[in-house]
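Thank you all for making the time this morning. I would like to walk you through one protein model, starting with the terms and then moving from its overall make-up to some individual contacts.

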Amino acid sequence: MRMGRPPKRRRDAKQSQSQTQTANKPKFASPTLVVGQISPDVVSSILGPAMTDLAVQSVEDYADAVLAYEHVNQFTAAEKGEEEEEVEVEVEMDLDGNILPQQQQQTSPLPPPPSSQRLFSSQLDIENLTELLTSTSQHFSHTTNSWKVHANAAKFERLLDEKYGRLRPFIESHPNVEIFIKNAQRKYAMGAFSPFRKSDSPPVGKTTSIMILFMMHRNGVRMDALLLAATFFLVGLQPWALVGLVIIGKWEMDRRKRKRIGGMPKKIATVEAYFASALDANLSEEEEVKAKYALLDTPVGTKFNPADLSLRDEEYDVIVLGSGPETLYAAALLARAGKKLVVLSPRDDVSGCVTLGDKSSSVLGKKIPFDIDGMNVAQLSRQQELLAPALCTTTDTQGGIRFSRIGSNLDGYAHSILSVPGLGTDNTSAECVPVVLNATGSLASLAEYCSTCLGDGFPGVDLDGKDNGNSNSLSYLRACNQINAGSADYYLSKLYNAKESNAYQEASVRTASAFLNKCLPLNTHVRSLMAAIGMMNENLCPDKTSMAAHVTNICAMTSEEGVAYPVGGPRAICHALTSVIEQCGGRVVAGVSLQELLFEKLDEKKETKKKTNGEENDPLKGPKPKCKGIRLQNGMDIKVSKDDGSVISMLGFIPTFLNLLPADTRAAHGVPPGLPAISERRPLMKIMVGLKGSKADLNLTGADWYRLPNASLPYDEMDQATGQIRFGAIGVDAGGDDLTTDGEATGETETTSVGGRRGKQNKTATPATAKKITRRCKFQTGESWMKVSFPSAKDPSWHDRYGPISTCVVTVEACDDFVRAFDTKPQIYSILKGAGNSTSGEMGRLMDRVMKDLLQTFPQLEDNIICTQMYGPVRSGLTHCPARFAIKGNRPETSYPGLFVGGADLTVGDSFSASIVGGWMAANAAMGYSMIDHVYLKKNLTSDLEQFMEEPSLVTERDGVVVEDVGVPFKEVNIDEATKAAESSKEE
């Protein structure tokens with residue numbers, strides 16, 4: 001540094017400073033921009049000068065254009081004036097002196113004036129722009145920043161429009177709503193509205209939650225409630241989400257309840273009564289009664305005519321095979337649900353009644369129907385609920401059908417009389433004390449009888465109504481009622497292929513003897529009586545009887561409702577059901593000989609898939625062909641529609657899958673699972689007896705009489721070594737271990753096994769080829785199982801219709817002279833050739849033994865027998881062994897699509913109530929109701945018919961008096977006459 005002189009500038013310092021300014025200056029910077037200084041006024045520093053220069057340039061260009069335009073105009077006007085003064089007009093003339101027209105000379109047009117439609121065209125425009133820029137600069141450079149407020153306000157207005165749209169006026173008038181929405185959005189962003197709890201520690205521990213769910217399940221809480229509880233305790237569902245889930249589920253279930261399943265029509269019209277067509281307005285009351293009685297003399301159904309091809313040409317939605325009320329009941333439900341169907345019955349009378357031959361009819365004076373199946377109805381109130389949707393007409397909810405209780409108030413409405421060998425005596429001989437079952441007192445009266453006559457404890461009751469007695473029989477009956485309470489759920493579970501795990505299901509796979517020995521170990525007479533009540537309709541010992549059938553029969557026979565019988569017999573209720581089917585567009589054809597079921601061929605893709613999966617050798621696996629119809633013996637094919645058509649067989653499992661299922665189809669695709677493990681019940685023989693005299697004349701009872709060797713008195717022994725009681729076997733087994741060769745009775749007998757193989761057994765077979773089968777069964781007078789019923793004594797309208805004529809039906813098991821048992825899988829009985837021939841010697845000998853036994857039991861019938869006839873052998877379905885209830889295939893929907901099975905084989909056989917329930921199950925399965933419908937919504941075919949059917953008009957007037965529209969009028973029994981008849985019978 002030099003003293004007194006300024007610092008010396010260095011060349012490198014000056015150059016670096018100039019390079020720094022040049023390098024840091026932006027490319028498009030304002031001329032007034034100084035590097036290092038920040039100017040927030042962009043308008044005045046950058047935009048203002050640029051826009052002013054553009055405006056000045058635009059004004060100058062416009063002024064130049066205007067001056068040029070004026071100059072051109074002045075020059076053009078001066079030239080035009082001079083030409084007008086100096087130019088002489090020259091014309092042209094033709095030879096005649098005429099002036100020719102001259103063409104005007106074209107002059108160049110004037111240029112257009114400059115456009116004044118400019119943004120800047122004068123100094124005023126520049127001043128306005130300068131003023132605008134100055135105000136804008138001041139607006140944005142002002143210290144208060146008011147422009148930001150306006151900008152935020154405009155942004156807020158835009159956001160309101162985008163967020164609320166048309167609801168913006170409402171939000172602006174109600175600012176609290178906007179506040180609520182903002183709070184909800186904030187909570188949603190924070191996860192407050194999540195359906196699951198965020199906290200790791202649930203309100204109830206997992207162990208406690210599992211214990212609560214287990215206790216709920218044990219107490220019978222419904223499955224839907226268990227699922228909701230599990231989602232709350234284990235999944236961690238919020239309470240509000242749980243409530244919303246319940247609301248949504250309730251709404252969906254209500255919608256499902258209103259939905260029509262299986263193509264059910266929106267409006268189900270009621271039908272006319274079956275007797276309406278036979279009545280006339282001009283008929284008197286007596287003539288109407290006669291007309292109604294005349295309808296019961298005609299068989300049910302239209303006789304099959306092979307020449308009628310309309311049966312073949314039409315396609316049906318459903319084909320129903322079978323006879324009896326259960327077949328017509330299932331068909332009536334489906335017909336009312338909008339299905340076009342046809343009923344094909346192998347019997348000449350679809351009702352199941354049998355009319356004696358012409359010779360017997362001439363003796364009786366008219367063709368009288370015999371109820372050979374027994375239409376006893378237990379627990380009538382439940383059956384009427386099931387029958388009402390099928391029978392309902394325009395004037396009556398039951399279609400004019402009425403039921404009458406068997407018995408009278410004098411005998412306590414007795415319905416069954418049991419004769420058990422050895423019961424009430426000191427030995428096991430055939431002698432016994434008959435037991436009468438009635439409806440008066442039900443359980444208490446039966447327990448009192450056991451206490452008085454059989455040595456059981458007394459069923460005492462204290463002042464508070466509590467049981468303080470020691471009656472084992474009463475405790476056993478109550479336990480049976482508790483087990484039977486789960487029967488409805490068990491049979492309902494067969495519709496959706498899920499076994500109901502309850503006490504009834506567990507009891508169904510066990511034998512009745514195990515329960516009897518455990519619950520009644522001390523009194524053999526009470527044990528024998530309970531075994532008799534539990535299995536009256538089949539000659540089956542308790543050690544082979546399923547506890548489910550045992551419990552169901554006991555509850556039915558000890559019900560306080562007693563047992564009822566339809567007024568007019570089976571034909572009345574079957575005529576009513578047939579009328580419903582025909583009015584809904586269906587047909588009922590009787591006397592049809594069935595040959596085999598028809599099936600569609602599987603697609604090539606399904607066959608290839610079956611072979612690829614290795615299912616070719618396993619018939620139970622892989623796809624099955626769809627059932628498409630039935631073929632008759634005359635070769636006629638009756639088919640169902642291709643889309644959703646179905647065939648319902650009410651004939652039972654054995655006739656359906658062994659007789660009607662083609663052998664090749666059975667060999668290729670098998671039978672329902674478990675069918676080879678079951679056994680067929682021994683066929684029955686029906687002896688019809690026509691009697692001379694009325695119910696009062698012959699002192700007949702409406703109660704059925706049973707001889708039950710299968711429940712004969714057991715003989716217990718004491719084990720000397722251990723001191724324990726060794727229980728004796730209850731009942732006499734009809735079978736044995738005798739060895740007999742195949743074909744012993746008829747020489748050559750054709751049999752069919754499940755695998756579809758057919759073979760003939762040779763009469764001269766060697767003992768080495770003998771099989772262990774049931775020993776030869778012969779009817780023994782006074783010993784064999786037998787049932788005697790008087791259908792005419794049960795029907796209160798019988799005497800008015802047929803006068804002093806009564807009917808008797810005796811049921812016995814078919815001997816080995818008529819049927820033959822085969823040790824196949826399943827075990828079946830083959831009806832021998834000529835077994836139904838009334839002229840055969842075996843049938844005559846059996847008739848003599850049965851009639852001798854009948855007259856020994858009912859001596860008042862002697863000398864009053866008009867005619868007799870034997871009918872049979874008749875197949876009676878499956879035996880009531882535990883395997884019947886344990887197999888998976890015993891359900892209405894089979895493994896073959898479009899093929900369903902119904903009838904008593906699904907429930908407890910040989911009873912009207914069980915058959916009706918089996919028909920109801922088959923109809924619901926064919927309609928396609930799901931598990932949710934049955935279990936959670938309580939929605940089924942009968943409930944939908946009640947919901948969608950028109951309300952009937954239940955008022956019928958005659959001469960101004962309201963009367964019931966009854967199909968079969970009858971008179972109530974006079975108590976005085978009944979008392980006199982009872983007193984006379986006691987004297988006899």
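When I call a residue buried, I mean that its relative accessible area is under 20%, while exposed means over 50% and partly exposed lies in between, with a 1.4 Å probe and protein chains only. Please keep in mind that this is a predicted model, in which local features need pLDDT of at least 70 and side-chain atom pairs count only at pLDDT 80 or more, whereas totals for chains, interfaces and linings use all residues. Residues are numbered from 1 along each chain as its sequence is written, and side-chain values use heavy atoms, with hydrogens and water left out.

Next, a helix pair: α7 (residues 206–218) and α8 (residues 223–235) pack at an angle of about 175°, with their axes 10 Å apart. The axes are lines fitted to C-alpha atoms, for helices over the stretch in contact, and angles run from 0 to 180 degrees between N-to-C directions. The two helices α7 and α8 are therefore roughly antiparallel, a label given to angles over 145 degrees, with under 35 roughly parallel, 65 to 115 roughly perpendicular and the rest oblique. Residues of α7 including Ile210, Leu213 and Met216 meet residues of α8 including Leu226, Phe233 and Leu234, contact being heavy atoms within 4.5 Å.

Finally, the salt bridges, each a side-chain nitrogen of Lys or Arg within 4 Å of a carboxyl oxygen of Asp or Glu, of which there are 29 by this rule. In one of them, the side chains of Glu680 and Arg875 meet at 2.6 Å, N to O. This pair links distant parts of the chain, 195 residues apart, with Glu680 in the loop between α25 and β18 and Arg875 in the loop between β30 and α30. Glu680 is buried, at 5% relative accessibility, while Arg875 is partly exposed at 32%. Within helix α29, by contrast, Arg845 and Glu842 lie 3 residues apart, about one turn of the helix, and their closest N and O atoms are 3.9 Å apart.

Definitions and conventions:
Helix = DSSP H or I, 4+ residues; strand = E, 2+ residues; numbered from the N terminus.
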